[in-house]
Amino acid sequence: MAYLKQQRPEKVTVPSLRASKERGERLVCLTAYDYPTARIIDEAGIDIILVGDSLGNVVLGYDNTIPVTLDEMVNATRTVRRGVARALLVADMPYGSYHTGADVAVGNALRLIKEAGAEAVKLEGGARRAPLIKRLVDEEIPVVGHIGLTPQSVHKLGGFRLQGKTTQAARTLLDDARALEDAGACAIVLEVVPREIAQLVTERASVPTIGIGAGAGCDAQVLVIHDLLGLMFDKSFRHVRQYANLRESVTDAISRFAEDVRAGVFPSEAESYKLPDAAATEMATELDVELPTTPALTEKGDKG
Ligand code: KIV
(Lines give C-alpha, C1' and ligand atoms only; values in the text may rest on other atoms or scores of the structure.)
Protein backbone atom coordinates (compact mmCIF):
# COMPACT_ATOMS: atom_id res chain seq x y z
CA MET A 1 0.00 0.00 0.00
CA ALA A 2 2.73 2.42 1.01
CA TYR A 3 4.44 1.38 -2.20
CA LEU A 4 1.46 2.53 -4.24
CA LYS A 5 1.37 5.83 -2.36
CA GLN A 6 5.04 6.54 -3.00
CA GLN A 7 4.78 5.44 -6.59
CA ARG A 8 2.07 7.93 -7.50
CA PRO A 9 1.87 10.55 -4.77
CA GLU A 10 0.57 13.34 -6.98
CA LYS A 11 -3.15 14.06 -7.30
CA VAL A 12 -4.79 12.11 -10.11
CA THR A 13 -6.55 14.49 -12.48
CA VAL A 14 -8.50 14.21 -15.71
CA PRO A 15 -5.48 15.22 -17.86
CA SER A 16 -3.16 12.93 -15.89
CA LEU A 17 -5.22 9.91 -17.00
CA ARG A 18 -4.07 10.26 -20.57
CA ALA A 19 -0.49 11.04 -19.44
CA SER A 20 -0.48 7.81 -17.37
CA LYS A 21 -1.54 5.85 -20.43
CA GLU A 22 1.22 7.46 -22.50
CA ARG A 23 3.75 6.41 -19.84
CA GLY A 24 2.34 2.89 -19.89
CA GLU A 25 1.30 2.98 -16.21
CA ARG A 26 -1.49 0.69 -15.10
CA LEU A 27 -4.14 2.54 -13.12
CA VAL A 28 -6.24 1.08 -10.31
CA CYS A 29 -9.88 1.90 -9.68
CA LEU A 30 -12.32 0.83 -6.96
CA THR A 31 -15.86 1.76 -6.11
CA ALA A 32 -16.84 3.46 -2.84
CA TYR A 33 -20.15 4.63 -1.43
CA ASP A 34 -19.31 5.95 2.06
CA TYR A 35 -16.70 8.02 3.92
CA PRO A 36 -14.63 5.39 5.77
CA THR A 37 -14.31 3.10 2.78
CA ALA A 38 -13.42 6.01 0.50
CA ARG A 39 -10.78 7.21 2.93
CA ILE A 40 -9.20 3.77 3.29
CA ILE A 41 -9.16 3.33 -0.50
CA ASP A 42 -7.66 6.77 -1.08
CA GLU A 43 -5.02 6.33 1.61
CA ALA A 44 -4.08 2.96 0.05
CA GLY A 45 -3.09 4.88 -3.09
CA ILE A 46 -5.86 3.78 -5.46
CA ASP A 47 -5.92 6.11 -8.46
CA ILE A 48 -9.61 6.41 -9.33
CA ILE A 49 -12.58 6.12 -6.97
CA LEU A 50 -15.91 5.50 -8.64
CA VAL A 51 -19.17 6.13 -6.85
CA GLY A 52 -20.86 3.52 -8.99
CA ASP A 53 -24.57 3.06 -9.33
CA SER A 54 -23.70 -0.49 -8.21
CA LEU A 55 -24.67 1.30 -4.98
CA GLY A 56 -28.09 -0.08 -5.87
CA ASN A 57 -26.90 -3.69 -5.71
CA VAL A 58 -24.34 -3.69 -2.92
CA VAL A 59 -25.64 -1.02 -0.54
CA LEU A 60 -29.33 -0.46 -1.22
CA GLY A 61 -30.26 -4.12 -1.73
CA TYR A 62 -31.79 -3.89 -5.22
CA ASP A 63 -31.38 -6.61 -7.87
CA ASN A 64 -29.99 -4.13 -10.39
CA THR A 65 -29.03 -0.47 -10.82
CA ILE A 66 -32.27 0.68 -12.44
CA PRO A 67 -33.99 2.09 -9.31
CA VAL A 68 -31.02 4.20 -8.13
CA THR A 69 -31.93 7.89 -8.04
CA LEU A 70 -29.88 11.00 -8.71
CA ASP A 71 -30.43 12.14 -5.11
CA GLU A 72 -28.98 8.84 -3.87
CA MET A 73 -25.95 9.30 -6.13
CA VAL A 74 -25.46 12.93 -5.06
CA ASN A 75 -25.67 11.95 -1.41
CA ALA A 76 -23.21 9.03 -1.75
CA THR A 77 -20.79 11.10 -3.83
CA ARG A 78 -20.82 13.98 -1.35
CA THR A 79 -20.07 11.50 1.46
CA VAL A 80 -17.24 9.85 -0.47
CA ARG A 81 -15.81 13.27 -1.42
CA ARG A 82 -15.00 13.94 2.24
CA GLY A 83 -12.75 10.87 2.33
CA VAL A 84 -10.85 11.43 -0.91
CA ALA A 85 -7.75 13.60 -1.28
CA ARG A 86 -5.65 12.09 -4.06
CA ALA A 87 -7.73 9.82 -6.24
CA LEU A 88 -9.79 11.09 -9.15
CA LEU A 89 -13.42 11.01 -8.02
CA VAL A 90 -15.89 9.82 -10.65
CA ALA A 91 -19.65 9.52 -10.09
CA ASP A 92 -22.13 7.47 -12.09
CA MET A 93 -25.08 9.20 -13.68
CA PRO A 94 -27.96 6.88 -12.71
CA TYR A 95 -30.53 5.44 -15.07
CA GLY A 96 -33.00 8.10 -16.18
CA SER A 97 -30.77 11.05 -15.32
CA TYR A 98 -29.40 11.52 -18.87
CA HIS A 99 -32.05 9.90 -21.04
CA THR A 100 -34.61 12.64 -21.49
CA GLY A 101 -32.64 15.41 -23.15
CA ALA A 102 -29.25 17.10 -23.12
CA ASP A 103 -30.29 20.08 -20.97
CA VAL A 104 -31.66 17.83 -18.25
CA ALA A 105 -28.53 15.67 -18.45
CA VAL A 106 -26.27 18.73 -18.10
CA GLY A 107 -28.26 19.91 -15.07
CA ASN A 108 -28.03 16.49 -13.44
CA ALA A 109 -24.32 16.10 -14.18
CA LEU A 110 -23.72 19.56 -12.71
CA ARG A 111 -25.32 18.42 -9.45
CA LEU A 112 -22.78 15.58 -9.23
CA ILE A 113 -19.89 17.95 -9.98
CA LYS A 114 -20.99 21.10 -8.14
CA GLU A 115 -23.06 19.83 -5.20
CA ALA A 116 -21.35 16.48 -4.63
CA GLY A 117 -17.75 17.23 -5.64
CA ALA A 118 -17.21 14.63 -8.39
CA GLU A 119 -14.43 15.45 -10.84
CA ALA A 120 -16.00 13.49 -13.70
CA VAL A 121 -19.26 11.71 -14.40
CA LYS A 122 -19.70 8.30 -16.00
CA LEU A 123 -22.56 7.30 -18.25
CA GLU A 124 -23.40 4.16 -20.16
CA GLY A 125 -23.74 3.68 -23.91
CA GLY A 126 -21.78 3.82 -27.13
CA ALA A 127 -21.93 5.98 -30.24
CA ARG A 128 -25.50 7.08 -29.55
CA ARG A 129 -24.24 8.93 -26.45
CA ALA A 130 -21.49 10.77 -28.36
CA PRO A 131 -23.49 14.02 -28.95
CA LEU A 132 -24.42 14.14 -25.26
CA ILE A 133 -20.84 13.49 -24.15
CA LYS A 134 -19.63 16.28 -26.44
CA ARG A 135 -22.19 18.64 -24.93
CA LEU A 136 -21.19 17.73 -21.35
CA VAL A 137 -17.50 18.14 -22.14
CA ASP A 138 -18.26 21.53 -23.76
CA GLU A 139 -19.89 22.52 -20.46
CA GLU A 140 -16.64 21.67 -18.59
CA ILE A 141 -17.96 18.35 -17.29
CA PRO A 142 -15.40 15.56 -17.78
CA VAL A 143 -17.03 12.29 -18.85
CA VAL A 144 -16.03 8.63 -18.55
CA GLY A 145 -17.79 6.39 -21.08
CA HIS A 146 -18.97 2.84 -20.36
CA ILE A 147 -19.57 0.16 -23.01
CA GLY A 148 -19.84 -3.61 -23.24
CA LEU A 149 -22.10 -4.93 -20.51
CA THR A 150 -24.00 -1.81 -19.49
CA PRO A 151 -26.02 -2.79 -16.38
CA GLN A 152 -28.59 -0.02 -16.93
CA SER A 153 -29.59 -1.88 -20.13
CA VAL A 154 -30.23 -5.12 -18.23
CA HIS A 155 -33.79 -5.43 -19.56
CA LYS A 156 -32.74 -4.74 -23.14
CA LEU A 157 -29.78 -7.14 -22.91
CA GLY A 158 -31.91 -9.80 -21.19
CA GLY A 159 -29.46 -10.29 -18.33
CA PHE A 160 -25.82 -9.82 -17.37
CA ARG A 161 -23.97 -11.54 -20.21
CA LEU A 162 -20.67 -11.40 -22.07
CA GLN A 163 -20.87 -8.73 -24.82
CA GLY A 164 -18.91 -8.37 -28.07
CA LYS A 165 -18.77 -12.09 -28.93
CA THR A 166 -19.63 -11.82 -32.63
CA THR A 167 -17.75 -10.00 -35.38
CA GLN A 168 -20.59 -7.51 -35.67
CA ALA A 169 -20.72 -6.93 -31.91
CA ALA A 170 -16.94 -6.56 -31.73
CA ARG A 171 -16.99 -4.04 -34.59
CA THR A 172 -19.70 -2.09 -32.78
CA LEU A 173 -17.60 -2.03 -29.62
CA LEU A 174 -14.59 -0.69 -31.54
CA ASP A 175 -16.76 1.95 -33.24
CA ASP A 176 -18.40 2.88 -29.94
CA ALA A 177 -15.04 3.34 -28.24
CA ARG A 178 -13.84 5.55 -31.08
CA ALA A 179 -17.03 7.62 -30.97
CA LEU A 180 -16.72 8.12 -27.20
CA GLU A 181 -13.11 9.20 -27.50
CA ASP A 182 -13.88 11.56 -30.39
CA ALA A 183 -16.70 13.09 -28.33
CA GLY A 184 -14.19 13.89 -25.58
CA ALA A 185 -14.52 11.05 -23.05
CA CYS A 186 -11.48 11.04 -20.76
CA ALA A 187 -11.60 7.26 -20.13
CA ILE A 188 -13.72 4.30 -21.19
CA VAL A 189 -15.01 1.49 -18.97
CA LEU A 190 -15.14 -1.88 -20.77
CA GLU A 191 -17.34 -4.30 -18.87
CA VAL A 192 -17.54 -8.07 -19.48
CA VAL A 193 -16.16 -8.24 -23.02
CA PRO A 194 -13.68 -10.76 -24.46
CA ARG A 195 -10.11 -9.87 -23.51
CA GLU A 196 -9.01 -9.87 -27.17
CA ILE A 197 -11.53 -7.18 -28.07
CA ALA A 198 -10.75 -5.16 -24.93
CA GLN A 199 -7.07 -5.21 -25.86
CA LEU A 200 -7.82 -4.06 -29.40
CA VAL A 201 -9.91 -1.18 -28.07
CA THR A 202 -7.14 -0.32 -25.62
CA GLU A 203 -4.46 -0.31 -28.32
CA ARG A 204 -6.53 1.96 -30.55
CA ALA A 205 -7.64 4.42 -27.85
CA SER A 206 -5.52 7.32 -26.65
CA VAL A 207 -7.51 7.58 -23.42
CA PRO A 208 -7.28 4.85 -20.78
CA THR A 209 -9.62 1.87 -20.83
CA ILE A 210 -10.83 0.70 -17.44
CA GLY A 211 -11.63 -2.98 -17.53
CA ILE A 212 -13.95 -5.10 -15.43
CA GLY A 213 -14.24 -8.62 -16.77
CA ALA A 214 -12.29 -7.44 -19.82
CA GLY A 215 -8.90 -9.08 -19.33
CA ALA A 216 -5.46 -7.81 -18.41
CA GLY A 217 -4.91 -5.82 -21.59
CA CYS A 218 -6.83 -2.77 -20.35
CA ASP A 219 -5.01 0.32 -19.04
CA ALA A 220 -6.82 0.18 -15.70
CA GLN A 221 -8.81 -2.36 -13.69
CA VAL A 222 -11.86 -1.69 -11.57
CA LEU A 223 -13.69 -3.88 -9.06
CA VAL A 224 -16.69 -3.27 -6.90
CA ILE A 225 -15.22 -2.93 -3.39
CA HIS A 226 -17.83 -5.24 -1.80
CA ASP A 227 -16.85 -8.02 -4.23
CA LEU A 228 -13.13 -7.57 -3.49
CA LEU A 229 -13.76 -7.63 0.27
CA GLY A 230 -16.22 -10.52 0.26
CA LEU A 231 -19.05 -8.40 1.64
CA MET A 232 -21.85 -9.69 -0.56
CA PHE A 233 -24.57 -12.33 -0.53
CA ASP A 234 -24.73 -13.57 -4.12
CA LYS A 235 -22.21 -15.68 -5.95
CA SER A 236 -19.81 -13.31 -7.68
CA PHE A 237 -18.95 -13.16 -11.38
CA ARG A 238 -15.94 -15.10 -12.65
CA HIS A 239 -14.02 -11.88 -13.20
CA VAL A 240 -14.08 -11.00 -9.49
CA ARG A 241 -11.08 -11.83 -7.35
CA GLN A 242 -12.04 -11.84 -3.68
CA TYR A 243 -9.18 -10.68 -1.43
CA ALA A 244 -10.95 -10.94 1.95
CA ASN A 245 -14.04 -12.46 3.50
CA LEU A 246 -15.49 -9.57 5.45
CA ARG A 247 -18.93 -11.14 5.62
CA GLU A 248 -17.39 -13.98 7.64
CA SER A 249 -15.23 -11.65 9.77
CA VAL A 250 -18.15 -9.33 10.51
CA THR A 251 -20.46 -12.23 11.36
CA ASP A 252 -17.82 -13.60 13.73
CA ALA A 253 -17.34 -10.22 15.48
CA ILE A 254 -21.10 -9.74 15.90
CA SER A 255 -21.58 -13.27 17.23
CA ARG A 256 -18.82 -12.81 19.80
CA PHE A 257 -20.38 -9.52 20.95
CA ALA A 258 -23.79 -11.19 21.31
CA GLU A 259 -22.23 -14.09 23.27
CA ASP A 260 -20.48 -11.68 25.65
CA VAL A 261 -23.68 -9.69 26.29
CA ARG A 262 -25.72 -12.85 26.87
CA ALA A 263 -23.05 -14.25 29.21
CA GLY A 264 -22.92 -10.96 31.17
CA VAL A 265 -19.25 -10.38 30.38
CA PHE A 266 -19.75 -7.18 28.42
CA PRO A 267 -19.25 -4.43 29.46
CA SER A 268 -16.40 -4.95 31.90
CA GLU A 269 -15.46 -2.49 34.65
CA ALA A 270 -12.95 -0.89 32.32
CA GLU A 271 -15.68 -0.40 29.75
CA SER A 272 -18.02 1.47 32.14
CA TYR A 273 -17.88 4.55 34.39
CA LYS A 274 -17.62 4.61 38.19
CA LEU A 275 -19.33 7.22 40.28
CA PRO A 276 -16.59 9.26 42.07
CA ASP A 277 -16.39 8.40 45.80
CA ALA A 278 -17.24 11.93 47.01
CA ALA A 279 -20.31 12.09 44.77
CA ALA A 280 -21.36 8.63 45.90
CA THR A 281 -21.20 9.63 49.56
CA GLU A 282 -23.12 12.87 48.94
CA MET A 283 -25.77 11.13 46.86
CA ALA A 284 -26.28 8.36 49.37
CA THR A 285 -26.93 11.00 52.07
CA GLU A 286 -29.07 13.35 49.95
CA LEU A 287 -31.17 10.61 48.39
CA ASP A 288 -31.19 8.52 51.52
CA VAL A 289 -30.37 5.39 49.56
CA GLU A 290 -27.74 2.76 49.70
CA LEU A 291 -25.97 2.92 46.37
CA PRO A 292 -25.28 -0.46 44.85
CA THR A 293 -21.72 -1.53 45.16
CA THR A 294 -21.34 -2.10 41.47
CA PRO A 295 -20.87 -5.75 40.66
CA ALA A 296 -17.57 -5.15 38.95
CA LEU A 297 -16.64 -7.77 36.42
CA THR A 298 -13.17 -9.15 36.19
CA GLU A 299 -11.62 -9.49 32.79
CA LYS A 300 -13.05 -12.99 32.63
CA GLY A 301 -16.48 -11.64 33.47
CA ASP A 302 -16.70 -13.18 36.97
CA LYS A 303 -18.19 -10.78 39.44
CA GLY A 304 -15.29 -9.31 41.46
O1 KIV B 1 -21.52 0.93 -10.99
C2 KIV B 1 -20.36 0.45 -11.01
O3 KIV B 1 -19.82 0.04 -9.98
C4 KIV B 1 -19.67 0.38 -12.29
C5 KIV B 1 -18.39 -0.38 -12.33
C6 KIV B 1 -18.67 -1.83 -12.23
C7 KIV B 1 -17.61 -0.05 -13.54
O8 KIV B 1 -20.13 0.93 -13.23
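**Exercise 1. Determine the handedness of the crossing of H6 and H7, and describe their packing.**

Step 1. H6 and H7 cross in the right-handed sense; a crossing is right-handed if the near helix is turned clockwise from the far one by less than a right angle, and left-handed if anticlockwise. Helices here are DSSP runs of H or I with at least four residues, strands are runs of E with at least two, and both are numbered from the N terminus. The model is predicted: local features need pLDDT of at least 70 and side-chain atom pairs count only at pLDDT 80 or more, while totals for chains, interfaces and linings use all residues. Residues are numbered from 1 along each chain as its sequence is written, and side-chain values use heavy atoms, with hydrogens and water left out.

Step 2. The axes of H6 and H7 come within 10 Å, and their crossing angle is roughly 50 degrees. Axes are lines fitted to C-alpha atoms, for helices over the stretch in contact, and angles run from 0 to 180 degrees between N-to-C directions.

Step 3. H6 is therefore oblique to H7. Angles under 35 degrees count as roughly parallel, over 145 as roughly antiparallel, 65 to 115 as roughly perpendicular and the rest as oblique.

Step 4. H6 contributes Ala102, Asp103, Ala105, Val106 and Ala109 to the contact, and H7 contributes Leu132, Arg135 and Leu136. Contact means heavy atoms within 4.5 Å.

Step 5. By class, the residues of the contact of H6 with H7 are six nonpolar, no polar and two charged. Ala, Val, Leu, Ile, Met, Phe, Trp, Tyr, Cys and Pro count as nonpolar, Asp, Glu, Lys and Arg as charged, and the others, Gly among them, as polar.

**Exercise 2. Describe how H5 packs on H6.**

Step 1. Helix H5 (residues 70-81) packs against helix H6 (residues 102-115) at about 20 degrees, and their axes are 9 Å apart. The two helices are therefore roughly parallel.

Step 2. The crossing of H5 with H6 is right-handed.

Step 3. On the H5 side the contact holds Leu70, Asp71, Met73, Val74, Thr77 and Arg78; on the H6 side it holds Asn108, Arg111, Leu112 and Glu115. Four of the residues in this contact of H5 with H6 are nonpolar, two are polar and four are charged.

**Exercise 3. How do the strands of the barrel pair?**

Step 1. Eight strands form a closed barrel in the order E1-E2-E3-E4-E5-E6-E7-E8, with parallel pairing. Neighbouring strands are turned by 25 degrees against each other on average, direction ignored. Two strands pair if DSSP finds at least two bridges between them.

Step 2. Strand E1 (residues 27-31) pairs with strand E8 (residues 220-223) in the parallel sense over four bridges. Leu30 stands opposite Leu223 in E8.

**Exercise 4. Locate Glu140 and Pro267 and give their backbone features.**

Step 1. Glu140 is in the loop between H7 and E5. Its phi is positive, about 65 degrees, although Glu140 is not a glycine.

Step 2. Pro267 is in the loop between helix H12 (246-262) and helix H13 (277-287). The peptide bond joining Phe266 and Pro267 is cis, with omega about 0 degrees.
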